[in-house]
Amino acid sequence: MLCNYRKILSATFSRLFFAIHGSITVGTLVILKHDFTYVCFLIGICLLSVEMFVTLRKTENGEWTWFSPMVFLYLCTIIPTIFVMELEYLNCRMNKTETNVSLTDAQRFCKQNTDTMSRYIQIEEELTILVLIIGRWLMPRGKMSRDQLAQLLLMYLALGADILDILGLMKEQSEKNNETVTVVGLCLFSWAIMQFTLVLTQTVSSASLETDGGEQSHSLSGVKNCILSLCSTTEVWDVLIAVGMQDLPFLIYRLYLVTRKGVFNESMIFFISKNILSVIIQVYRIVVFVCNENTKIKTFHP
């Protein structure tokens with residue numbers, strides 16, 4: 001009974017935490033744009049109560065195993081809000097040299113408050129990462145152990161730092177008025193931040209994986225067993241998601257800015273090196289896993 005109350009409180013507080021920040025972010029957008037229609041972005045937040053009811057009724061531990069609908073609904077509010085904020089800030093920078101006569105009231109307001117707008121947007125983006133990390137901490141752990149939760153939170157911290165740097169690159173002095181660079185950066189941000197909806201540390205233990213692999217190798221052919229192991233092991237999916245949703249796209253984006261646009265700052269070398277090393281290490285993990293699977297196959301099928 002105590003565990004059930006704790007699960008319900010944890011689920012309620014985490015969703016309330018997301019709802020408060022999502023509402024503040026949308027409210028900031030409404031003020032900046034002077035347009036009340038953007039309140040429609042709160043649909044994702046409004047659905048959190050329905051999602052909580054379904055999750056608590058359908059799951060034993062108060063959380064789904066691989067995917068978090070709560071985080072997804074929260075991001076459905078946050079991502080379009082930040083997208084519109086950044087595009088409005090881009091318009092403000094591009095219209096800064098125009099006369100007030102040709103501008104709308106919203107454009108005139110943002111032109112006169114460009115620095116303030118920039119600070120608000122940066123604060124909202126940084127808060128989004130912090131809210132995702134703290135919200136994940138407040139959420140029910142599901143089948144995760146405390147150690148797995150700690151690993152997930154540390155991984156989120158690393159992801160967040162890389163994502164925020166991409167948002168900063170869009171506002172480099174030489175490219176701050178480049179619409180293409182801004183839109184591509186926002187798309188990469190939206191794609192990468194969706195990783196927070198996935199919970200790949202909720203895996204079975206290594207021992208059980210080895211046991212399952214041993215049993216499968218008796219009943220399946222070598223090649224088929226290796227492919228099945230690759231597809232069914234969360235470590236492999238973890239690598240594919242990390243490379244495909246963040247490290248590789250971010251690396252291409254940064255290299256493009258350096259080689260084609262001449263964008264370079266103090267942290268660029270570090271993050272480019274970090275992305276290259278991450279891709280190499282992740283590929284190495286796949287190679288090691290394949291070699292281990294081949295060793296098991298040869299052991300059971302000499």
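I will begin with the chain as a whole, go on to one helix, and finish with the salt bridges.

A word on conventions: this is a predicted model, in which local features need pLDDT of at least 70 and side-chain atom pairs count only at pLDDT 80 or more, while totals for chains, interfaces and linings use all residues. Residues are numbered from 1 along each chain as its sequence is written, and side-chain values use heavy atoms, with hydrogens and water left out.

The chain has 12 helices and zero strands, where helices (H or I, at least four residues) and strands (E, at least two) are DSSP runs numbered from the N terminus. Of its 302 residues, 45% count as buried; buried means under 20% relative accessible area, exposed means over 50%, and partly exposed lies in between, with a 1.4 Å probe and protein chains only. The accessible surface of the chain comes to about 16,000 Å², with 67% of it belonging to carbon and sulfur atoms, the areas coming from the Shrake-Rupley method with a 1.4 Å probe, and for residues only the protein chains shown count as cover. If we take contacts (heavy atoms within 4.5 Å) with a separation of 6 or more, residues 24 or more positions apart account for 78% of them.

Let me turn to helix α4, residues 69-94. Its 26 residues should span 38 Å at 1.5 Å a residue, and its end C-alpha atoms are 37 Å apart, which agrees; the expected span is 1.5 Å times one less than the number of residues. Even so, α4 has a kink of about 30° centred on Leu75, the bend at a residue being the angle between axes fitted to the seven residues ending there and the seven starting there. Because 19 of the 26 residues of α4 are buried, the helix is largely enclosed by the rest of the structure.

Phe83 sits in α4 and is partly exposed, at a relative accessible area of 21%. Leaving aside residues up to four places away in sequence, Phe83 touches Val183, Leu186, Cys187 and Ser190.

How many salt bridges does a search of the whole structure find? There are eight, counting a side-chain nitrogen of Lys or Arg within 4 Å of a carboxyl oxygen of Asp or Glu. In one of them Glu88 pairs with Lys33, the closest N and O atoms being 2.8 Å apart. That pair links distant parts of the chain, with Glu88 in helix α4 and Lys33 in helix α1 (residues 2-33), 55 residues apart. Glu88 is buried at 5% relative accessibility, whereas Lys33 is partly exposed at 22%.

Lys171 forms a salt bridge with Glu86, with the closest N and O atoms 2.9 Å apart. Lys171 lies in the loop between α7 (146-169) and α8 (179-193) and Glu86 in α4, so this pair ties together parts 85 residues apart in sequence. Lys171 also forms a salt bridge with Glu125, at 3.7 Å between the closest N and O atoms. Glu125 belongs to helix α6 (residues 114-138), so here the parts tied together are 46 residues apart in sequence. Lys171 is partly exposed at 23%, while Glu86 is buried at 1% and Glu125 is buried at 5%.

Finally, Asp162, Asp165, Asp247, Arg254 and Lys274 are linked in a network of salt bridges.
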